[in-house]
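Visitor: I'm new to looking at protein models. Could you walk me through this one, a question at a time?

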Amino acid sequence: MRDVSILTNGGVDIEHAIELLGDLEFYDETLQAFLEENETRLPNIEKYKNEQNMADYAILVHALKSDSKYLGFMSLADIAYEHEMASKANNVDLVNAKYNELMSEVNKYTELAKR
């Protein structure tokens with residue numbers, strides 16, 4: 001079982017996550033699935049951004065937002081939501097301007113999750 005204090009100290013709202021997911025065991029399973037999904041999701045997010053394919057970009061950042069909320073990664077969920085809304089409005093400039101912020105937040109939580 002993982003050390004919850006590492007996640008909590010890193011800004012994860014673990015109470016919210018456990019409320020949604022039920023228990024720490026299922027949280028761990030969901031977290032592992034998130035990490036595995038991101039191995040393909042993140043390269044595709046970058047690909048769609050580079051291609052200015054905002055329709056597919058919106059689908060993937062929506063999924064990232066939803067997964068983040070379940071896991072208690074609230075700041076990542078908020079940033080992903082901003083990207084989702086921008087891409088649905090075909091606001092390529094905002095997506096590009098805030099892309100590094102999104103990836104930085106993804107990387108922060110990925111590193112926390114791997115501890």
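Visitor: Let's start in the middle. Which residues does Phe73 touch, leaving out those up to four places away in sequence?
Guide: Keep in mind that this is a predicted model. Phe73 sits in the loop between helix 4 and helix 5, and at 0% relative accessibility it counts as buried. Once residues up to four places away are set aside, its partners are Val12, Tyr27, Leu31, Phe34, Ser68 and Tyr109.

Visitor: How are the rings of Phe34 and Phe73 arranged, stacked or edge-to-face?
Guide: A pair of aromatic rings is described by the distance of the centres and the angle of the planes. Here the centres of Phe34 and Phe73 are 5.5 Å apart and the planes meet at 70°. Planes over 60 degrees apart count as edge-to-face, so the Phe34 and Phe73 pair is edge-to-face.

Visitor: How many residues apart in the chain are Phe34 and Phe73?
Guide: Phe34 belongs to helix 3, while Phe73 lies in the loop between helix 4 and helix 5. Phe34 is also buried, at 2% relative accessibility. The pair links distant parts of the chain, and the separation is 39 residues.

Visitor: And what about Phe73 with Tyr109: is that pair stacked or edge-to-face?
Guide: Tyr109 is in helix 6, 36 residues from Phe73, and is buried with a relative accessible area of 1%. The two ring centres are 4.4 Å apart, with 15° between the planes. Since planes under 30 degrees apart count as stacked, the Phe73 and Tyr109 pair is stacked.

Visitor: Which residues make up the cluster of linked rings?
Guide: The count of aromatic pairs comes to two. Phe73 takes part in the edge-to-face pair with Phe34 and in the stacked pair with Tyr109. Put together, the cluster is Phe34, Phe73 and Tyr109.

Visitor: How do helix 2 and helix 4 lie against each other, roughly parallel or roughly perpendicular?
Guide: Two packed helices are described by the angle between their axes and the distance between the axes. For helix 2 and helix 4, the axes come within 6 Å and cross at roughly 100°. Angles of 65 to 115 degrees count as roughly perpendicular, so helix 2 and helix 4 are roughly perpendicular.

Visitor: How many nonpolar residues are in the contact of helix 2 with helix 4?
Guide: Helix 2 brings His16, Ala17, Leu20 and Leu21, and helix 4 brings Lys69, Tyr70 and Leu71. One residue of this contact is polar and one is charged. The nonpolar ones number five.

Visitor: Is Glu105 buried or exposed?
Guide: Glu105 has its place in helix 6. Leaving aside neighbours within four places in sequence, Glu105 is in contact with Ser75, Leu76 and Ile79. Its relative accessible area is 13%, and under 20% means buried, so Glu105 is buried.

Visitor: Which residues is Asn38 in contact with, beyond its neighbours within four places in sequence?
Guide: Asn38 is found in helix 3. At 6% relative accessibility, Asn38 counts as buried. Its contacts beyond those neighbours are Pro43, Leu64 and Val106.

Visitor: How far apart in space are Glu51 and Glu101, C-alpha to C-alpha?
Guide: Glu51 is in helix 3 and is partly exposed, with a relative accessible area of 46%. Along the sequence, Glu51 and Glu101 are 50 residues apart. In space, C-alpha to C-alpha, the distance is 19 Å.

Visitor: What is the phi of Gln52, roughly?
Guide: Most residues other than glycine have a negative phi. Gln52, found in the loop between helix 3 and helix 4, is not a glycine, yet its phi is positive. The value is about 60°.

Visitor: One last stop: is Asn90 buried or exposed?
Guide: Asn90 is found in the loop between helix 5 and helix 6, and its phi is a positive value near 60°. Its relative accessibility is 52%. Over 50% means exposed, so Asn90 counts as exposed.

Conventions. Residues numbered from 1 in each chain as written. Predicted model: local features only at pLDDT ≥ 70, side-chain atom pairs only at ≥ 80, totals over all residues. Heavy atoms only, no water. Contact = heavy atoms within 4.5 Å. Axes fitted to C-alpha atoms, helices over the stretch in contact; angles between N-to-C directions. Helix = DSSP H or I, 4+ residues; strand = E, 2+ residues; numbered from the N terminus. Parallel < 35°, antiparallel > 145°, perpendicular 65-115°, else oblique. Nonpolar A, V, L, I, M, F, W, Y, C, P; charged D, E, K, R; others polar. Buried < 20%, exposed > 50% of the residue type's maximum accessible area, 1.4 Å probe, protein only. Phe/Tyr/Trp six-rings, centres within 6.5 Å; stacked < 30°, edge-to-face > 60°.
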